[in-house]
Amino acid sequence: MNVYFAPDLLAQVEALALRRQVSKSAIVEAAVASFLSGDSSDRLEAAMSRRLDKLGREIHALDEDLAVLGETVSLFVNIWLSATPPLPESAQAAARAKGAERFEGFMQTLGRRLATGDRFLKELSRDVDSLPDSPSQDQFEADGSVT
């Protein structure tokens, strides 16, 4: 039997044969057998279902991470606004300059952490797991501090 393949398709078959270290005939035979078998749609559906389940779990984990980050920022802003007194006009320019300097340091530290793969949520989960007895949310909200 002589079969014609488009040059680009033939190149893909040859590349796959080299990668898998099998003959081009074996690649073509497996492809034709897969095409002719009736259960290929069932296998495809099962594979798609596994991928969707995995994506669902990943989205759920991202949702939890986002909730933790939202609560963290909210709590920080609440405490910061409660504990920081307003500055007089004469001190505001110096405070802005110092704030810009501190923000630049923060951004550099953030860049280093992101480059190394350290993540706040991973550290947080390790820290929380290592605590003997963490205080309840009610205890924290009652006085604004952890005792």
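So, how many residues apart are Glu101 and Lys98 in helix 4? Three, and because of that spacing they sit about one helical turn apart in helix 4, residues 89–116. Helices here are DSSP runs of H or I with at least four residues, numbered from the N terminus.

Quick background. This is a predicted model, where local features need pLDDT of at least 70, side-chain atom pairs count only at 80 or more, and totals for chains, interfaces and linings use all residues. Residues are numbered from 1 along each chain as its sequence is written, and side-chain values use heavy atoms, leaving out hydrogens and water.

Back to our pair: Glu101 and Lys98 form a salt bridge, with the closest N and O atoms 3.4 Å apart. By salt bridge I mean a side-chain nitrogen of Lys or Arg within 4 Å of a carboxyl oxygen of Asp or Glu. The whole structure has three of them.

Another one joins Glu58 and Lys54, at 4.0 Å between the closest N and O atoms. Both lie in helix 3, residues 40–83, four residues apart.

Then there's Lys24 with Glu14, at 3.5 Å between the closest N and O atoms. This pair links distant parts of the chain: Lys24 is in helix 2 and Glu14 in helix 1, 10 residues apart. Buried would be under 20% relative accessible area and exposed over 50%, with partly exposed in between, using a 1.4 Å probe and protein chains only. Glu14, at 32%, is partly exposed too.

Methods. Helix = DSSP H or I, 4+ residues; strand = E, 2+ residues; numbered from the N terminus.
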